[in-house]
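The sequence and structure are shown first.

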Amino acid sequence: MTAMRRFHRASAAVVAALAAAGCEGVQPMMAPGGPQARSLAQLGWFTLITFAAVSVVMWVLIFWVAVRRRGTLAEHAQPDAPSDHRWIVIGGFLIPAVILCIIFVLTLKTMAAFPLGDHEMQAGEPPITITGHQWWWEIQYQVGAQPSEHFVTANEIHIPAGQPVDIRLETRDVIHSFWVPRLHGKVDLMPGFSNRIRIQADAPELFRGECAEFCGPQHAHMILLVQADAPADYDAWLARMRQPAAAPAAGMAARGQQVFMTHACVLCHTVRGTPAHGLVGPDLTHFGSRKGLAANSYPNATGFLAAWVTHAQTMKPNAQMPNITAFTGEELRALTEYLEGLK
Ligand code: CUA
C-alpha cells in the first residue's frame, strides 16, 4: 500500500500548504496557486463573509423576536390600523437588493477578467489542446514552429511557472469539464465546440484537477495533474517529450516490447518510434514518466500496472481498456518492465 500512499501524497501536494491556510483537502478552492484562482477565491471569501454577517443579523433578530415582551392586548394597535412596513421594505428588500447587486457586479467583473474567446487570447494558436475522452484526458502540445516539435501525451500537463498558458478545450464524446481548483474555475469541454482557458501558476508545484461534469460511470476517475515547472525544467521536459520512445534495453524490457507489439495493446495505443499507432487510448510514448495510470486513478507503479493490464474492468469498470489475460506471468513482467521504462 506504500506506493498508493506515496501517490496520494504526491498528487495531493497541496495539502501541506493548505493546512496552513486553514482549508485542508486535495483540491481546495480557497488556496489559490495562481492569479485566476486568486480572483475567484477573493470573490468567494467576500461572498462567504457577507452571507455569514447577514446570517448573524438574521439569527439575532429571530432570537429577539422569540424572547421579546409580547405586550398586552390593550397596548397593541387595532387590526385595521395602518402598519409600519419599514422593516419589510428596508430589511426584506433594500438591503438584500444592494448586497445581491454588489455580488452580481463583482462576479461580472471577475468573469470579464478571464479571457475565454479567441479574440482575447495571445497571438496564435494555444500551445496546449486538451481533448476529453470517456474517461481520460488527451493532451496535445503545439509548442514550437515545426510540426515535428509537437507531441501528444495524456492525463498530465506541464506548464512553465509564472507564465500565462492558454489551453484549448475540446471533447471526443460527451461533455467533460476542466477543473483544477487551485488554478481556475470550471470550464466545459463541449462537443463540436472549442473553449479556451488561460491558467497561470505562481510557483513550481503540482496541482490536481478532476473532470467536473458528469460524463458516465467513471466520471470520478478522470483526474488531471498539472505540474508547474521552473522554466528550465519545463524546457527539459518538452525536449524529452519530443523524443520518440527510447529503444528498450536488451532482456526483459526488449521482450516486453515484443509482447506489447504482438498483443491487443498495439491496437489502441501509440508508442512513437515503434509500429504502435493506435489512437483509441492514451499515448504511451513516455508513459513511465507519468505519475499515475488510468487517468491518475492509481499510482504509476509496476504492481498497479500489472493489475491494470489484467483487471482494468475491475479497477475502472466500463473503461475502454479491456481485461487482457492472455499473458503468461513472464510476459506480464516483461510488459510492465517495458512500459515503466518508457521515460
Ligand atoms: Cu469527464 Cu466527468
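## The largest cavity

In this predicted model, β4 and α5 (231-242) each supply at least two residues of the lining of the largest cavity.

With a threshold of 30 Å³ or more, the count comes to one cavity.

Strand β4, which contributes to the cavity lining, belongs to an open sheet of three strands in the order β4-β10-β9, with mixed pairing. Its edge strands are β4 (156-160) and β9 (205-210), each of which pairs on one side only. From one strand to the next, the twist averages 25°.

The pairing of β4 with β10 (residues 223-229) is parallel and extends over five bridges. Within this pairing, H158 has Q227 in β10 as its bridge partner.

## The five-stranded sheet

A second open sheet has five strands in the order β3-β2-β1-β5-β8, again with mixed pairing. Strands β3 (151-154) and β8 (195-199) form its edges, and each pairs on one side only. Neighbouring strands are turned against each other by 25° on average, direction ignored.

Within this sheet, β1 (residues 128-133) and β5 (residues 165-171) run parallel and are joined by five bridges. I130 stands opposite L169 in β5. Helix α5 packs on the sheet, where it touches β2 (136-141) and β3. The direction of α5 makes about 105° with that of β3.

## Backbone geometry in two loops

Most residues other than glycine have a negative phi, and most peptide bonds are trans. The peptide bond from Q134 to W135, however, is cis, with omega near 0°. W135 is placed in the loop between β1 and β2.

N155 is not a glycine, yet has a positive phi of about 65°. This residue lies in the loop between β3 and β4.

## Packing of α3 and α4

Helices α3 (residues 35-67) and α4 (residues 86-112) pack with their axes 10 Å apart and at an angle of about 170°. Because this angle is over 145 degrees, α3 is roughly antiparallel to α4.

On the α3 side, the contact involves S39, L40, L43, F46, T47, T50, F51, V54 and L61. These residues meet W87, I99, I102, I103, L106, T107 and T110 in α4. The contact comprises eleven nonpolar and five polar residues, with no charged residues.

## Packing of α6 and α9

Helix α6 (residues 252-261) and α9 pack at an angle of about 100°, and their axes lie 7 Å apart. The two helices are therefore roughly perpendicular to each other.

M252, A253, R255, G256, Q257, V259, F260 and M261 form the α6 side of this contact. Their counterparts in α9 are E330, E331, R333, A334, L335, E337, Y338 and L339. Here the classes are nine nonpolar, two polar and five charged residues.

## The largest pocket

The largest pocket holds about 500 Å³ of space. Its lining is made up of 30 residues, of which H269, G281, P282, W308 and M321 lie nearest its centre. Two or more lining residues come from each of α7 (265-268), β11 (292-293), α8 (302-315) and α9 (329-340). Among the elements, α8 gives the most to this lining, with three residues.

By class, the pocket lining has 22 nonpolar, six polar and two charged residues.

Definitions and conventions:
Residues are numbered from 1 along each chain as its sequence is written. This is a predicted model: local features need pLDDT of at least 70, side-chain atom pairs count only at pLDDT 80 or more; totals for chains, interfaces and linings use all residues. Side-chain values use heavy atoms; hydrogens and water are left out. Two strands pair if DSSP finds at least two bridges between them. Helices (H or I, at least four residues) and strands (E, at least two) are DSSP runs, numbered from the N terminus. Axes are lines fitted to C-alpha atoms, for helices over the stretch in contact, and angles run from 0 to 180 degrees between N-to-C directions. Angles under 35 degrees count as roughly parallel, over 145 as roughly antiparallel, 65 to 115 as roughly perpendicular and the rest as oblique. Contact means heavy atoms within 4.5 Å. Ala, Val, Leu, Ile, Met, Phe, Trp, Tyr, Cys and Pro count as nonpolar, Asp, Glu, Lys and Arg as charged, and the others, Gly among them, as polar. On a 1 Å grid over the protein atoms alone, a cavity is a set of points where a 1.4 Å probe fits but cannot get out, and a pocket is an open set with protein on both sides within 12 Å along at least five of seven lines; lining residues have an atom within 4 Å of a point. Grid points are joined across faces, edges and corners, and a volume is the space filled by probe spheres set on the points.
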